[in-house]
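Work through the exercises below with the sequence and the model side by side, and try each task before reading its solution.

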Amino acid sequence: MFRYLSNVCIPGCVTAALSCTIFFRMRRSSLDVLLFGLSLFDVLVLTCSLFMYPPMAECIRQENEFSQNSNNTDPSKTWVCQYFWKATLVLYPVSNIAQVGSVWMCVAVAVDRFLAVSLPMRRITFCTPANAAVAVSAITMFSVLYRIPAAFEVTLKEDGRLTQTDLGQNELYLNITRVYGYMLVVLLIPWATIITLNVIIIIKIRQACQARTVLTNQKPRSERREEAERIYSENFKRLTTLEA
């Protein structure tokens with residue numbers, strides 16, 4: 001597990017941190033600010049995974065060996081388990097908050113591109129760095145309020161071992177947060193929104209291309225070809241450029 005997480009998390013953390021630095025320095029458009037927020041949440045998710053799951057796997061292995069042979073070292077006396085139990089109190093809620101924030105930052109980016117393509121006349125009003133900063137702040141606040149209860153799901157026993165609290169064992173709470181809440185808030189609603197907005201963007205671009213094609217039908221073939229290439233170039237730039 002450590003090798004797998006290292007191959008994924010370490011390069012991911014580096015690239016996400018570089019992206020975070022670049023977009024923080026730019027901040028010339030709404031997309032710069034939103035991508036900064038997305039990169040920051042991704043850094044948190046990957047960092048928490050790297051520092052929590054490998055020690056968890058090693059601690060579980062030590063506990064299994066100790067349960068089979070009491071002559072082995074007690075896990076409660078090893079630094080790996082001591083670190084995992086204490087670090088999880090912080091890393092577990094932070095990783096949950098960052099995961100929700102990362103998903104909804106993707107939604108914010110999709111909304112920003114939707115406004116840039118579908119409402120170009122209002123783009124200057126809505127797609128501003130200030131509005132994007134408000135969106136990042138709102139998503140951060142929502143993520144914290146939604147997953148801060150995760151901090152009260154685990155605690156330490158008197159011997160220092162990690163254990164679930166009464167809240168963490170409550171069946172109703174688990175069903176609401178980990179089953180229905182996760183499906184709706186992290187999966188269905190955000191990804192349905194992203195897919196819907198992207199489909200609308202594609203339809204809008206095709207309609208714009210068709211309308212301009214009709215207007216230029218009377219032009220010579222060479223001019224129509226140049227016009228079509230220009231239209232596709234403009235729409236693609238509007239969809240992807242950081243200045244939109």
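The exercises that follow go from the overall fold to helix packing, and then to salt bridges.

This is a predicted model, in which local features need pLDDT of at least 70 and side-chain atom pairs count only at pLDDT 80 or more, whereas totals for chains, interfaces and linings use all residues. Residues are numbered from 1 along each chain as its sequence is written, and side-chain values use heavy atoms, with hydrogens and water left out.

**Exercise 1. The overall fold**

Task: State how many helices and strands the protein chain has, and in which order the elements run.

Solution. Begin with the definition: helices (H or I, at least four residues) and strands (E, at least two) are DSSP runs, numbered from the N terminus. On this basis the secondary structure of the protein chain comes to 8 helices and 2 strands. Reading from the N terminus on, the order of the elements is α-α-α-α-α-β-β-α-α-α. Next, consider burial, where buried means under 20% relative accessible area, exposed over 50%, and partly exposed in between (1.4 Å probe, protein chains only). The protein chain has 244 residues, of which 38% count as buried. Finally, take the contacts (heavy atoms within 4.5 Å): among those between residues at least 6 apart in sequence, 71% join residues at least 24 apart.

**Exercise 2. Helix 2 against helix 3 and helix 5**

Task: Describe how helix 2 is oriented to helix 3 and to helix 5.

Solution. Two packed helices are described by the angle between their axes and the distance between the axes. Axes are lines fitted to C-alpha atoms, for helices over the stretch in contact, and angles run from 0 to 180 degrees between N-to-C directions. Angles under 35 degrees count as roughly parallel, over 145 as roughly antiparallel, 65 to 115 as roughly perpendicular and the rest as oblique.

Take helix 3 as the partner: its axis and that of helix 2 come within 7 Å and cross at roughly 150°. Helix 2 is therefore roughly antiparallel to helix 3. Their crossing is left-handed, a term that applies if the near helix is turned anticlockwise from the far one by less than a right angle, with right-handed used if clockwise. The residues of this contact divide into 27 nonpolar, 8 polar and 5 charged, where Ala, Val, Leu, Ile, Met, Phe, Trp, Tyr, Cys and Pro count as nonpolar, Asp, Glu, Lys and Arg as charged, and the others, Gly among them, as polar.

Now take helix 5 as the partner: helix 2 and helix 5 pack at an angle of about 25°, with their axes 7 Å apart, so helix 2 is roughly parallel to helix 5. On the side of helix 2 the contact is made by Ser30, Val33, Leu34, Gly37 and Phe41, and on the side of helix 5 by residues including Pro129, Ala133 and Thr140. By class, this contact has 9 nonpolar, 3 polar and no charged residues.

**Exercise 3. Helix 3 against helix 5**

Task: Decide how helix 3 and helix 5 are oriented to each other, and name residues that meet.

Solution. Helix 3 (residues 79-118) and helix 5 (residues 129-147) pack at an angle of about 140°, with their axes 8 Å apart. The two helices are therefore oblique to each other, and their crossing is right-handed. Among the residues that meet are Tyr92, Trp104 and Met105 in helix 3, and Phe142, Tyr146 and Arg147 in helix 5. The contact of helix 3 with helix 5 has 11 nonpolar, 3 polar and 1 charged residues.

**Exercise 4. Salt bridges**

- Arg61 forms a salt bridge with Glu58, the closest N and O atoms being 2.4 Å apart. The two residues are separated by about one helical turn, because they are 3 residues apart in helix 2 (residues 30-68). Glu58, Arg61 and Glu65 are linked in a network of salt bridges.
- Arg113 forms a salt bridge with Asp112, at 2.5 Å between the closest N and O atoms.

Note on methods
A salt bridge is a side-chain nitrogen of Lys or Arg within 4 Å of a carboxyl oxygen of Asp or Glu.
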